[in-house]
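Biologist: I am new to this structure, and I would like to learn how to read it. Could you walk me through it?

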Amino acid sequence: MDDDGRYRDSRSDFIRGAKDIAKVAKKQVGKKVGRGVDKMADEYTRRSYKRFEEEDDDDDYAGAPGNDGGYYRNDSRANDDEGHSDSTEGHDEDDEIYEGEYQGIPRADSVKTSGMDGMTATPQAQQFRDMAAYEGERRKDQEELAQQYETILQECGHGKFQWTLYFVLGLALMADGVEIFVVGFVLPSAEKDMCLSEPNKGMLGLIVYLGMMVGAFVWGGLADRIGRRQTLLISLSINSVFAFFSSFVQGYSSFLFCRLASGVGIGGSIPIVFSYYSEFLAQEKRGEHLSWLCMFWMIGGIYASAMAWAIIPHYGWSFQMGSAYQFHSWRVFVLVCAFPSVAAISALTTMPESPRFYLENGKHDEAWMILKQVHDTNMRAKGYPERVFSVTTIKTVKQMDELVNLGDGAAWHEKWRIKLTSLFHQVWSNFQTVFSPQYRRTTYMMMAVWFSMSFSYYGLTVWFPDMIKYLQKQEYSSRTKVFVKEKVQHVTFNFTLENQVHRQGEYFNDKFMNLKMKSMVFEDSLFEECYFEDITSSNTFFKNCTFIATLFYNTDLFKYRLINSKLINSTFLHNKEGCLLSDISDENNAYMVYFVSFLGTLAVLPGNIVSALLMDKIGRLRMLAGSSVISCVSCFFLSFGNSESAMIALLCLFGGISIASWNALDVLTVELYPSDKRTTAFGFLNALCKLAAVLGISIFTSFVGITKAVPILFASGALAAGSFLALKLPETRGQVLQ
């Protein structure tokens, strides 16, 4: 057999042996992997040496430099762990991509150490035995890759490609901003269709945050294993599907489930979007352009407010099929709010995966092609189409995962079970690494900062509108007219009765026809031979009243509106179907809610601009701590907000200041963790953020109408603690992306 033949046979045996080890090792996942792998490695090493010795001596496969037989020692792929792109240089038959190249199987040369230059220097069994040393080599590879990747991004430049990706990912972030506002805007209208009680309304308001909490954790972990782009597409698709369904379902339970699932889908957008975009940005552009990306969250809030203002009050935009199916204008609004997510999915299909993710997973050629695409797109847009992408070889990270090959005879469900089990263990292992000694202190500090920021911000932003509603009710109550011991006979009421209290009145042979009753209370009154027809009421009650020979025809004055009242020879005919609504709900109040949300969201624009321009100049920590301190001080001004206009102004002030803290926190989170753990850590911290939001909203809103001191004290204390802890974090300005 000639040298080439022996070389090919040796390489084939090597690869088959590696596959055998990979197959068995993978089945040991979740068991005592180390012991099993050690045993297999020893056996494989023994067999490998025996085969090589039988075929020829060491010179047959460790040839001198320049010989064709030099695959292990002198081939350009074997001299270091760097991948090599066949698309950039010529290659011969011996340099072909081997089977499993893109399935995660390490090349035979990718699992070597410096001892691989001579097969007798370091046995392969030691590679498997010493996992700590293996992980150390991975970290070294990642450090080298980080430096080289930064240089490559500098060569690619910042231009058309990054701006295109900016708008695509901005749509996904916009969908997240819309999701926050949807339920709050539809509640006043949806409660009429679904007869929602106060506890049900509260659960519907919180369910979105709970869904986003789950989604952030799940999708963040998956994005580090299966890719940023693919995970983002899946999460946005789930959001779009269930947002669409929630527009048509009728019952409260089904609507609640759809909004929960929609929240789970959109929960992955923030951790994935920032991680994805950061991996296309050079160091000097990263802080600024990630801050510009935050503006799309604001645009999402503006979009939701504007659409609610334009659609929901138009009650004529509706239809119904009997009493079983109703499609009112608020459902049109829910449908429209799904558009940003659908647009993001369509645009994202045209964008490539993160090349950094590919390099972290040993996929050199795919990463090289994407980086070349970035370079060529930017150079053509800048008028330099002749510039050639000079990078030919990029560092790839040593891989620890092996391919599971169950063979053609395995059942499909068994294959999927093994794949999902393996994926779960990989994601969970990655999450545990975030709390390893290397990252433990950083993670705990970031948890505290995220929690304090979210607790105060979401608590106050939901507390503000509730306080405004409370002030509106107080002002409305102050205009209540009171009538005592009035006597009315033979009078027809055919106009709106609103905000009145009638005590100890007597009504004889009166007609109440074709009218609306808003916030009407009759106490200790007598109605004799009266006639009520076509009455629509809200917040209207009859307390301790007596009805004698009175007819109720086509009204919504159900018996639960008659509190401790007596009915003598009185009749109810053709009662309207409906719900007991205790809140004041009219068009003017609805417009005010949308307008306040619109102003509050728009107010963050100055803070977004300032943070984007200064992020790379003053640093992430100064931006985060400084904005938190100023936000803390602004909280104290809330105690002076005793009117509706003052509360709106303070809401805008707080939102405009605190947005800089959020921008800095997003940038800092991206830069503190390495690429193979970035979305996992970001997703976990964002999930903690949503949990803090639920706690903050629940606690703050419980004090509405009772005291303002406690919410202000809680928010100020949380912001002060967050600003102090932020200064203990490491500054990442000027550092390459890990």
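This is a predicted model: local features need pLDDT of at least 70, side-chain atom pairs count only at pLDDT 80 or more; totals for chains, interfaces and linings use all residues.

Biologist: How many helices and strands are in the protein chain?

Modeller: Helices (H or I, at least four residues) and strands (E, at least two) are DSSP runs, numbered from the N terminus. Here the protein chain has 23 helices and 16 strands.

Biologist: What share of the residues of the protein chain count as buried?

Modeller: Buried means under 20% relative accessible area, exposed over 50%, and partly exposed in between, with a 1.4 Å probe and protein chains only. Of the 738 residues in this chain, 52% count as buried.

Biologist: Which residues have the most contacts inside the largest nonpolar core?

Modeller: A nonpolar core is a set of buried Ala, Val, Leu, Ile, Met, Phe, Trp, Tyr and Cys residues joined through side-chain atoms within 4.5 Å. The largest one has 153 residues, and Leu 169, Leu 232, Phe 274, Leu 293, Phe 333, Met 446 and Trp 662 have the most contacts inside it. Helix α5 (residues 160-194) gives this core its largest share, 19 residues. A second, separate core has 20 residues, including Phe 512 and Phe 527.

Biologist: What does Trp 662 touch?

Modeller: Contact means heavy atoms within 4.5 Å. Leaving out residues up to four places away in sequence, Trp 662 touches Trp 450, Met 453, Ser 454, Tyr 457, Tyr 458 and Cys 689.

Biologist: Why is α9 described as largely enclosed?

Modeller: In α9, 10 of the 10 residues are buried, so this helix is largely enclosed by the rest of the structure. Among them are Ile 270, Phe 274 and Tyr 277. Helix α13 (residues 339-348) has buried residues too, including Pro 340, Ala 344 and Leu 348. The buried residues of α13 pack against α5, α7 (228-246), α9, α11 (295-311) and α12 (329-336).

Biologist: How should I read the cavities?

Modeller: On a 1 Å grid over the protein atoms alone, a cavity is a set of points where a 1.4 Å probe fits but cannot get out, and lining residues have an atom within 4 Å of a point. Grid points are joined across faces, edges and corners, and a volume is the space filled by probe spheres set on the points. By this rule there are 10 cavities of 30 Å³ or more.

Biologist: Is Lys 485 buried or exposed?

Modeller: Lys 485 counts as exposed, at 58% relative accessibility. This residue is in the loop between β3 (481-484) and β4 (487-489), and its phi is near 55 degrees, a positive value in a residue other than glycine.

Biologist: Where does His 490 lie?

Modeller: His 490 is in the loop between β4 and β5 (492-493). At 53% relative accessibility, His 490 counts as exposed, and its phi is near 55 degrees.

Note on methods
Residues are numbered from 1 along each chain as its sequence is written. Side-chain values use heavy atoms; hydrogens and water are left out. On a 1 Å grid over the protein atoms alone, a cavity is a set of points where a 1.4 Å probe fits but cannot get out, and a pocket is an open set with protein on both sides within 12 Å along at least five of seven lines; lining residues have an atom within 4 Å of a point.
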